[in-house]
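Let's take a walk through this fold, with the aromatic rings as our guide. Have the viewer open and follow along.

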Amino acid sequence: LKDKDGNFYDKETLRRTFPKNTRNYIGNYQEQRGVEFSFSTDIKDVKDLVSVLHCTEQRQHINLRSEKYFKKLMECFPNNAVLFFARVDINKYIKFLKEDMKENENKKEFCQKQIKEAEEVKKEYGLKPLAGATIVMMPACKSGIKTASFLYAGTNTKILPSLKITNGLMFYRLCYCLDKACDYCDLGGVDGSLEDHLSTFKSKFNPNVLELVGEYDLVISKFWFKVFNLAMD
């Protein structure tokens, strides 16, 4: 969250460090369309986090942590475990689309399609559906280098994916960490090839990728490497 001279970015300057196709879809773009972001340290809100994580589990065919796990985090770190949420005010979005359609005739077909999609989302999920959620561990230290750890995140991709809500939620978290004077935000790991979906998503935010000692194995002898792995088992 600092520039090359070690000074904290202001929020707009931070936004400008992102690639154009990222920064154009956050900030005012989402605010106009009814996307709302919030944070919470209330353990009762863990259920909302878990509900969105479940969408990610189903989509990617993986198993993440249980509700009990996240409640334990909130109990053990009551001042440092922060939940973040992204919701969409469907009526505000529909109003925006109708006005946009009136002012821009060439957008009529697109806006009508989006209005139909928004109406279907409202029917299934309500007026302000939860589109994304995540949990961040804020640094406990009062001095020295302060690093926030971005842990689990989930997205309900059935809720208006064209709004790029995950981009906005990431920026909202980064701004929160700026307000708390964090030196760094740890976005978590990526695949060694840097071609996995996590690498693709995180690359949108101009990150520094750190390779840690012991992260990869250089196999000198295939035979002894196999023996070593068998012994480890």
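Is Tyr172 buried, partly exposed or exposed? With a relative accessible area of 24%, Tyr172 is partly exposed; the scale here calls a residue buried under 20% relative accessible area, exposed over 50% and partly exposed in between, using a 1.4 Å probe and protein chains only.

A word on the ground rules. You're looking at a predicted model, where local features need pLDDT of at least 70, side-chain atom pairs count only at pLDDT 80 or more, and totals for chains, interfaces and linings use all residues. Residues are numbered from 1 along each chain as its sequence is written, and side-chain values use heavy atoms, with hydrogens and water left out.

Now zoom out. The chain has 10 helices and 5 strands, which are DSSP runs numbered from the N terminus (helices are H or I with at least four residues, strands E with at least two). Its C-alpha atoms fill a box of roughly 70 × 40 × 40 Å along the principal axes. Of the 233 residues, 37% are buried. Take contacts, meaning heavy atoms within 4.5 Å, with a separation of 6 or more: residues 24 or more positions apart account for 76% of them.

Back to the rings. A pair of aromatic rings is described by the distance of the centres and the angle of the planes. Here, rings of Phe, Tyr and Trp (its six-membered ring) pair if their centres lie within 6.5 Å; planes under 30 degrees apart are stacked, over 60 edge-to-face, and the rest tilted. That rule gives 13 aromatic pairs. In one of them, the ring centres of Phe84 and Tyr172 are 6.0 Å apart with planes at 75 degrees, so the pair is edge-to-face. Phe84 sits in strand β2 (residues 81-88) and Tyr172 in helix α8 (residues 165-179), so this pair ties together parts 88 residues apart in sequence.

Phe84 itself is buried, at 0% relative accessible area. Its ring also pairs with that of Tyr176: the centres are 5.1 Å apart and the planes at 85 degrees, so this one is edge-to-face too. Again strand β2 is linked to helix α8, with Phe84 and Tyr176 92 residues apart. Tyr176 counts as buried, at 12% relative accessibility. Ring pairs join Phe37, Phe39, Phe84, Tyr172 and Tyr176 into a cluster.

Finally, look for charges over rings (NZ of Lys or CZ of Arg within 6 Å of the ring centre and within 35 degrees of the ring normal). The charged end of Arg87 sits over the ring of Phe85, 5.3 Å from its centre. Lys164 lies over the face of Tyr25, 5.8 Å from the ring centre.
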